[in-house]
Amino acid sequence: MKIDKAVINLILMAAPILLMSSAHAHSSGEAMGWMHPLSGLDHLLAMISVGAWSSQIGGKAIWIVPSAFVCFMFTGGLIGFEHIELPWTEIGVSLSVVLLGIAISVKKILPVYLAAAATALFGIFHGYAHGYEMPLMQNKVTYTLGFLATTAMLHVVGAVGAHYLLKTNNGDKLLRLLGGISAMCGLYLVAGVV
C-alpha cells in the first residue's frame with residue numbers, strides 16, 4: 001500500500017504537537033493552552049471546518065483562509081488576556097460553527113480574501129474565548145503557543161481530510177453532508193447560549 005507524501009507530512013507535523021501536549025499534561029496544568037481548542041465541540045468543529053472549507057475552495061485559500069483565522073485568533077487572545085469586554089463572544093463562536101458548516105454544505109466558494117475575512121472574524125471570537133479563559137497560573141506565551149499550534153493542526157486535519165475526501169467517489173456529497181451536520185451542531189450550540 002502506497003502512503004501519500006501529504007499523509008506522511010501530516011503525521012510528522014502532528015507528532016511534535018501530540019508529544020509536547022502529552023509531556024505538558026503532567027506538569028501542573030501547563031497543557032491547558034494545547035488542550036483548550038480540543039475542550040469544546042464549538043472550537044473543534046469550527047477549526048476543522050476552516051481547514052475543510054479552505055480545501056473545498058482550493059487554490060491559495062488552502063493556506064490564506066486558515067492563516068487569517070490563526071492570526072486573528074492571536075489578536076482575540078490578546079484582547080481576552082486583558083479581559084476587555086467583547087460582547088456576544090459565545091454567540092460568535094457558536095455562529096462560526098453554523099456559518100462554516102453552511103458554507104461547506106452549500107459549497108459556497110467565496111473569493112479567497114472574502115473567505116479569509118470571514119474566518120478572521122471567527123478567529124477573533126475563538127481567540128478571545130481562549131485568552132479570557134486562561135488559568136491565572138498559566139504562562140501566557142506557553143498558553144498562546146499551545147492554542148495556536150493546536151488550532152493550526154486542526155486546520156491541517158480538516159484540509160487534508162477534505163482534500164482526500166474530495167478525491168473519492170461521492171466525496172463531495174459526503175463533505176457537504178458533514179458540513180450540514182456541523183451546521184446543525186452549531187445551531188444546537190447557539191440555542192445553548194441565547
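User: Which residues in H5 are buried?

Analyst: Keep in mind that this is a predicted model. Burial is read from relative accessible area, with under 20% counting as buried. In H5 that gives Thr 89, Gly 92, Val 93, Ser 94, Ser 96, Val 97, Val 98, Leu 100, Gly 101, Ala 103, Ile 104 and Ser 105. So H5 is mostly covered, with 12 of its 17 residues buried.

User: What covers the buried residues of H5?

Analyst: The cover includes helices H3 (41-57), H6 (112-132) and H8 (171-193).

User: Why does the end-to-end distance of H5 agree with what a helix should span?

Analyst: Count 1.5 Å a residue: the 17 residues of H5 (89-105) should span 24 Å, and the end C-alpha atoms are 24 Å apart, so the two agree. After H5 comes Lys 107, with a positive phi near 55 degrees.

User: Which residues touch the most other members of the largest nonpolar core?

Analyst: Trp 53, Phe 69, Met 73, Leu 100, Phe 147 and Leu 175, out of 28 residues in that core. H3 gives the most to this core, seven residues. As for Met 73, its contacts beyond four places in sequence include Met 47, Ile 124, His 130 and Phe 147.

User: And the largest pocket: how much space lies in it, and what lines it?

Analyst: About 240 Å³. Its lining has 15 residues, and Ile 48, Ser 49, Ala 52, Leu 175 and Leu 178 lie nearest the centre. H3, H7 (140-166) and H8 each give two or more residues to that lining. By type, the lining splits into 10 nonpolar, five polar and no charged residues.

Methods. Residues are numbered from 1 along each chain as its sequence is written. This is a predicted model: local features need pLDDT of at least 70, side-chain atom pairs count only at pLDDT 80 or more; totals for chains, interfaces and linings use all residues. Side-chain values use heavy atoms; hydrogens and water are left out. Helices (H or I, at least four residues) and strands (E, at least two) are DSSP runs, numbered from the N terminus. The expected span of a helix is 1.5 Å times one less than its number of residues. Buried means under 20% relative accessible area, exposed over 50%, partly exposed in between (1.4 Å probe, protein chains only). Contact means heavy atoms within 4.5 Å. On a 1 Å grid over the protein atoms alone, a cavity is a set of points where a 1.4 Å probe fits but cannot get out, and a pocket is an open set with protein on both sides within 12 Å along at least five of seven lines; lining residues have an atom within 4 Å of a point. Grid points are joined across faces, edges and corners, and a volume is the space filled by probe spheres set on the points. Ala, Val, Leu, Ile, Met, Phe, Trp, Tyr, Cys and Pro count as nonpolar, Asp, Glu, Lys and Arg as charged, and the others, Gly among them, as polar. A nonpolar core is a set of buried Ala, Val, Leu, Ile, Met, Phe, Trp, Tyr and Cys residues joined through side-chain atoms within 4.5 Å.
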